[in-house]
Amino acid sequence: MPKFQPFLKRRMPKFAINFCVANVSSDLGLKSSHSSLLTSWSQPLNVGSLTLQSRVFQSPLSGVTDLVFRRLVRSYAPQSMLYTEMVSATELHHLRHLPQVMEIDPDETPISIQLFDCRPDFMAEAAQKAVAQGAQTVDINMGCPVNKITKKGGGSSLLRQPEIAMAIVSTVAAAVDVPVTVKTRLGWDDQEIQIVEFAQRLQDAGAQMLTLHARTRAQGYNGAARWDWIGQVKQALSIPVIANGDIFSVEAAITCLEQTGADGVMCSRGSLGYPFLVGEIEHYLRTGEKRPVPTIAERLTCAQDHLQALWDYKGQRGLYQARKHLTWYCKDFPGAATLREQLSRVESVAAGHALLAQAINANLSSPDIDPGLMVGKY
Ligand SMILES: Cc1cc2nc3c(=O)[nH]c(=O)nc-3n(C[C@H](O)[C@H](O)[C@H](O)COP(=O)(O)O)c2cc1C
């Protein structure tokens, strides 16, 4: 097996969990009326041969869900399934070394590596490398709307090539002994929504779990996610169906689960600048109690940890990548817009720390913001 090119293994901070639990079920109005539903969502979820202790997932996000981001999310949601950024099977075929996006911590679990491509043979080869790397499931991307990917036959273009999509799933499933899962969308556009039949065929081809982003390719990330389709797909399948799209808060997750009957939820943009979200939903499903939202100072301290960890892991490239993350942390507090602008062009880690420290001191006594209020801010 190819191994990573050596890179400097630097100090990675442990991210502290410093929440206490408060019973605010009355805020949600859920605990009494939905206790039986909460009971079922707190049960483990079987995905083929794998048993997951949590039904809350963090989606693959290209340019975001690297090792550093996953460590942050996992510090608040230790049992949730997390995903790498998507990896091109063709690129992997030609590379002599595994790319850094495939690096996972030795003790990182549960973890999935997401692959994309249109060639079943390359996908099978890539899946074997992913499993050798420690992936506990291999996820196949059939939802990416980006032209660069779809023009080459990958991502959401597979919705229009069902024969190839099924061949990928069956070939990959035959090549590895871990569950093969698929993440897809409703269809290419409103004129081409055949997701129920497509999902059934994926299941027949050997997919062991389906995540449905309830938008079409044409929608991109715009408009509301159409959760009603998730309910229809759930009715038609026997494998687990995970709901994705517009899960920005605990309340949204519960509403989505109730409306769709899905087996779990997957957070995406809601975690940008807010790596607490998966853990908050997971905690609520398990206990019926809501964690207090982090204070602004706690959020900005988390941003400092994120910045430092990216620098430690990737050096100068990490600093450039940190800029977008830092701006995502700056929302809904006095001075957020100015800070966001300054952090978007920050030139050094020390300068980033100083700006964040200043904002932390200025906001020590500011009230907390409910993340539900931040819906659609990205
Ligand atoms: C910056 C960004 C990168 C993404 N990268 C991936 C990816 O690599 N693989 C994938 O399956 N989906 C990817 N997605 C889609 C998300 O996983 C998710 O399906 C989508 O954002 C819908 O959920 P949301 O409305 O809660 O954000 C990406 C989305 C964004 C915004």
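User: When is a residue near the ligand, and which residues are the closest to the ligand here?

Analyst: A residue is near a molecule if one of its heavy atoms lies within 4 Å of it. In this predicted model, local features need pLDDT of at least 70 and side-chain atom pairs count only at pLDDT 80 or more, whereas totals for chains, interfaces and linings use all residues. Residues are numbered from 1 along each chain as its sequence is written, and side-chain values use heavy atoms, with hydrogens and water left out. The ligand is surrounded by 17 residues, the closest being Ser62, Gln114, Lys183, Asn244 and Arg269.

User: What is a polar contact, and where does Lys183 come in?

Analyst: An N or O atom in the side chain of Lys183 is 2.7 Å from an oxygen atom of the ligand, while a polar side-chain atom of Asn141 lies 3.3 Å from a ligand nitrogen atom. Asp246 takes part through a polar backbone atom, which is 2.9 Å from an oxygen atom of the ligand. By accessible area (Shrake-Rupley method, 1.4 Å probe), the ligand taken alone exposes 620 Å², of which the protein buries 89%.

User: How should I read the backbone at Asp246?

Analyst: Most residues other than glycine have a negative phi, and most peptide bonds are trans. Asp246, although not a glycine, has a positive phi of about 65 degrees, and it lies in the loop between strand 10 (241–244) and helix 10 (250–260). These elements are DSSP runs, numbered from the N terminus, with helices (H or I) of at least four residues and strands (E) of at least two. Separately, the peptide bond from Thr109 to Pro110 is cis, with omega near -10 degrees.

User: How are two packed helices described, and what is the case for helix 3 and helix 12?

Analyst: Two packed helices are described by the angle between their axes and the distance between the axes. Here, with axes fitted to C-alpha atoms over the stretch in contact and angles running from 0 to 180 degrees between N-to-C directions, helix 3 (residues 67–76) and helix 12 (residues 296–314) come within 9 Å and cross at roughly 140 degrees.

Key. A polar contact is a pair of N or O atoms within 3.5 Å; within protein, one must be able to donate a hydrogen and the other to accept it, and residues adjacent in sequence count only if both atoms are side-chain atoms.
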